[in-house]
Structure formats: structure tokens, C-alpha cells
Amino acid sequence: MLNADPSELQKFGDLAHRWWDPNSEFKPLHDINPLRLGWIDRCVGLRGKRVLDVGCGGGLLSEGMAALGAEVTGIDLSEKPLGVARLHLLESGQKVDYRQISAEALAEQMPGAFDTVTCLEMLEHVPNPSSTITACARLVKPGGQVFFSTLNRNPKAYLFAVIGAEYLLKLLPKGTHDYAKFIKPSELTRWAKMGNLEPQEILGMSYNPLTRDYSLGRDTSVNYLLRAQRNA
Ligand SMILES: C[S@@+](CC[C@H](N)C(=O)[O-])C[C@H]1O[C@@H](n2cnc3c(N)ncnc32)[C@H](O)[C@@H]1O
């Protein structure tokens, strides 16, 4: 059975035409993109690397990585965001190979084919995150790095990511996130280990509503990222 929730794919499809508008529902992704991109580049040195971006959506991260010299493949199961991502290449002049395929299916076709795999802000939208994580681990070559980001599950995350972002600050449309699908760092690291990955670093990403800035740091209580390495 396909590890995907049709209503999630539809939700991103319906909003896809606004993906590259920095003042749209995708503003938070635009705002965090330079931070996460810079971190990934510092960790792996993207130039010349073969990178897979899982759940790439409209291509914010994929294009950013391509602009830094990576050879990027972006996959998603929602058709419209991929269409927007392909169209945006005409504007930016970047090169990204976008495909509509699941991580699990690509792992069957191309095991160990990538130097680095990214899977950001996607795991909290799939029915079986552990299956996606294992597929990411199979897609990266032994010793390669995999990057995940998601939302922690605790009362503060509920307050900030659902009540704050969707209802008070209206940064995101209501219903963007389902609290029950948020993932604790302990769960993410356990699934990573089960998938043959060794967790290397967990980093928090915090939003300051006063300055309206995001920053990377130790506070993993709401948004966080995990870097893991595939075992040999
Ligand atoms: C919040 S967006 C994140 C986009 C991008 N990763 C980023 O951080 O800029 C989540 C994306 O995951 C995609 N997605 C949801 N379920 C998926 C699945 N099972 N396989 C692939 N992509 C999926 C959605 O279509 C959407 O484009």
C-alpha cells in the first residue's frame, strides 16, 4: 500500500500555485530556507554532490541546493507542486530532475544512488514515517548523510505550531498540521536507527514572534532537524 495520505497531497496541490510567493501560506518555508540550506551545505558541501530531496513540493530546497552546485533530484507524490517546481526552473535557470514517485518506490529502483538525502517538513504528513525514513536510508550511499526536519509532539509545539501559527498569527492555513502526527525526537532517532542510520546531530529551529525571525539552536521543543549517517 502506498505510504501517502490523499487528503495531504490534495491540500498541497490546492495551494501549489502560491508556492513561490514569499508572502503566501509558504512564507514560513521561505523564511527557514536559507537557514536549513546553509546548515546542510556546511555539513556535506553540496557542490558536486548527488542529492535527493524527498517531499520536495514546489522546490524551494531543491532549487536552493542546485544553486549551490548540487545535482538534485526532487520527488513528491502531489502533481501540482511538481508542476510549479518545473515551471519555476524556467524562471531561475536552475536544473533539477523532478519526479512523481514515492521514496519507497525510488529506493527499489535506485538503492544507494545518492550522496545525500533531504526529507524536510514532510514526515508529519505521511501515514508511516518510519517507512519513509527507511526508504531514505536505502537511497543514500553507505556513509552518506540524511537530513530530516519535523515538528516535536508536546503541549508547547501544539501551542506554537497549531494555535500560534494557524489561528493567532495566521502564518499557515487552519488544518495545515495534525498534532497527532507530530514526531518526538526520541521517535525520529529510534526510526532512524531501525532504518540503518546513525543519528549524528539534532538541531532546534525556533521562531521569535517579536522579531519574526527564525534561528537554529538547542531548543528542539517545536521545530527540529536531525542529521543521520547511513551505516556501511
Ligand atoms: C510542508 S511541504 C514541504 C516541502 C519541502 N520539503 C520543503 O520543506 O520546502 C510537504 C510536502 O510533502 C509532500 N508529501 C506528502 N506526502 C508525501 C508522500 N507520501 N510522498 C512524497 N511527498 C509527500 C507534499 O505533497 C508536500 O509537497
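A crossing of two helices is called right-handed if the near helix is turned clockwise from the far one by less than a right angle. Keep that in mind as we walk through this model, which is a predicted one.

Let's start where that definition comes in handy. Helix H2, residues 27–44, passes helix H3 in a right-handed crossing. The axes of H2 and H3 come within 10 Å and cross at roughly 40°. On the H2 side, the contact is made by Leu29, His30, Asn33, Arg36 and Leu37, while H3 brings Leu60, Leu61, Gly64 and Met65. Sort those residues by class and you get five nonpolar, three polar and one charged.

Now stay with H3 for a moment. Seven of its eight residues are buried, so H3 is largely enclosed by the rest of the structure. The buried ones are Leu60, Leu61, Ser62, Glu63, Gly64, Met65 and Ala66. What do they pack against? Besides H2, there are strand E1 (50–54), strand E2 (71–76), helix H4 (79–92), strand E3 (96–100) and strand E4 (114–120). Once H3 is done, look for Gly69, which follows it and has a positive phi, near 100°.

H3 also takes us to the ligand. Together with helix H1 (6–15), helix H3 (60–67) is one of the helices that each supply at least two residues of the shell around the ligand. H1 gives the largest share, three residues. There are 21 residues around the ligand, and Ala4, Gly55, Gly57, Ser78 and Glu121 come nearest. As for the make-up of this shell, 12 of its residues are nonpolar, six are polar and three are charged.

In soluble globular proteins, nonpolar side chains tend to be buried together. Here the largest nonpolar core has 62 residues, and those with the most contacts inside it are Val117, Cys136, Leu139 and Val146. Apart from its neighbours within four places in sequence, Cys136 is in contact with Val54, Ala103, Val117, Cys119 and Val146.

Key:
Residues numbered from 1 in each chain as written. Predicted model: local features only at pLDDT ≥ 70, side-chain atom pairs only at ≥ 80, totals over all residues. Near = placed C-beta within 6 Å. Helix = DSSP H or I, 4+ residues; strand = E, 2+ residues; numbered from the N terminus. Nonpolar A, V, L, I, M, F, W, Y, C, P; charged D, E, K, R; others polar. Core = buried A, V, L, I, M, F, W, Y, C linked by C-beta atoms within 7 Å. Buried ≥ 20, exposed ≤ 12 C-beta atoms within 10 Å, placed from the backbone. Contact = placed C-beta atoms within 7 Å. Axes fitted to C-alpha atoms, helices over the stretch in contact; angles between N-to-C directions.
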